[in-house]
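Look at the structure first. Then read on for a short tour of its helices, charges and rings.

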Amino acid sequence: MSKREIFSIPNLMSYFRIFLIPFLVWRILVANTTRDYWIVAVLVGISGLTDLLDGKVARKFDMVTELGKALDPIADKLTLGAIIFCLVVKNPIVWIIAILYIIKEGYMGIMGLLLLKRNGRKLDGAKWYGKVCTAVLYFMLFLFMLFPDMPQWLIMMFVGICFLIMSFTFISYILVFREMWKME
């Protein structure tokens, strides 16, 4: 890998998201005023925008790298996972999303490794439903930070929507991995 690949603009955006995680966690856990939550909302928004932009920049300017293909989803999973678990501390109803997140991402990680070992296959990028799921999670987390005093019924509605979208995504990836497993 060349320095140009390691330090490409899209990869720098992924590094930035990973670097932002401890700061996000700290800001969420100590947030107790509306202003504190708005600061976190801005940081979540920035993280989400860099996630959206890194792939677009990589494709448009021919900066797609193998490192970037691995780094982007890792940055997503770490960022979203950290924020979700912080929200569980703030609002226990989010545990439903946290458990599904662990199961879904754990399954995908294990199956990805097993497929690589078994027949050298790997997913060729995220599927559309995976991208939708990530976008919905970022949006939901952004809203939770932007409106910290959101009524409990509305939080439960958003959690339910996320649960349904994550469940659909999980089942869809199970089917994809099952087909990949059958291939020799």
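The report below covers the basis of the model, then helices, salt bridges and aromatic rings.

## Basis of the model

This is a predicted model, in which local features need pLDDT of at least 70, side-chain atom pairs count only at pLDDT 80 or more, and totals for chains, interfaces and linings use all residues. Residues are numbered from 1 along each chain as its sequence is written, and side-chain values use heavy atoms, with hydrogens and water left out.

## Two helices and their ends

Helices here are DSSP runs (H or I, at least four residues), numbered from the N terminus. Helix α3 covers residues 34–60. It has 27 residues and reaches 38 Å from first C-alpha to last. That is close to the expected 39 Å. The expected span is 1.5 Å times one less than the number of residues. After α3 comes D62, with a positive phi near 55 degrees.

Helix α5 has 25 residues, which should span 36 Å at 1.5 Å a residue. Its end C-alpha atoms are 36 Å apart, so the two values agree. G120 follows α5, and its phi is positive too, near 70 degrees.

Which residues of α5 are buried? They are I97, A98, L100, Y101, K104, E105, M108, M111 and L115. Buried means under 20% relative accessible area; exposed means over 50%, and partly exposed lies in between (1.4 Å probe, protein chains only). The cover over these buried residues includes α4, α6 (128–146) and α7.

## Salt bridges

Side chains of opposite charge can pair when their charged atoms come close. A salt bridge needs a side-chain nitrogen of Lys or Arg within 4 Å of a carboxyl oxygen of Asp or Glu. By this rule there are 10 salt bridges.

One of them joins E66 and K69, with the closest N and O atoms 3.1 Å apart. Both residues lie in helix α4. They are 3 residues apart, so about one helical turn separates them. K69 is partly exposed, at 45% relative accessible area. Another salt bridge pairs K77 with E105, at 3.2 Å between the closest N and O atoms. This pair links distant parts of the chain: K77 sits in helix α4 and E105 in helix α5 (residues 95–119), 28 residues apart. K77 is partly exposed at 35% relative accessible area. E105 counts as buried at 15% relative accessibility.

## A closer look at R17

Where is R17 found? R17 is in helix α2. Its relative accessibility is 0%, so it counts as buried. R17 forms a salt bridge with D72, at 2.6 Å from N to O. R17 lies in helix α2 and D72 in helix α4 (residues 66–90), so the bridge ties together parts 55 residues apart in sequence. D72 is buried as well.

R17 also meets D76: a polar contact of 2.3 Å joins their side chains. A polar contact is a pair of N or O atoms within 3.5 Å; within protein, one must be able to donate a hydrogen and the other to accept it, and residues adjacent in sequence count only if both atoms are side-chain atoms. A network of salt bridges links R17, D51, D54, D72 and D76. Leaving aside residues up to four places away in sequence, R17 touches residues including S47, T50, A75, T79 and Y138. Contact here means heavy atoms within 4.5 Å.

## Aromatic rings

A pair of aromatic rings is described by the distance of the centres and the angle of the planes. Rings of Phe, Tyr and Trp (its six-membered ring) pair if their centres lie within 6.5 Å; planes under 30 degrees apart count as stacked, over 60 as edge-to-face and the rest as tilted. The structure holds 9 aromatic pairs. F23 and W26 form a tilted one, 5.7 Å centre to centre with 40 degrees between the planes. They are 3 residues apart in helix α2 (residues 9–30), about one helical turn. F23 is partly exposed at 39% relative accessibility. W26 is also partly exposed, at 45%.

Y173 and F177 make a tilted pair, with centres 6.5 Å apart and planes at 35 degrees. Both lie in helix α7 (residues 152–182), 4 residues apart, about one turn of the helix. Y173 is buried at 3% relative accessibility, and F177 is buried at 2%. Y173 and F177 belong to one aromatic cluster, along with Y107, W128, Y129, F168 and F170.
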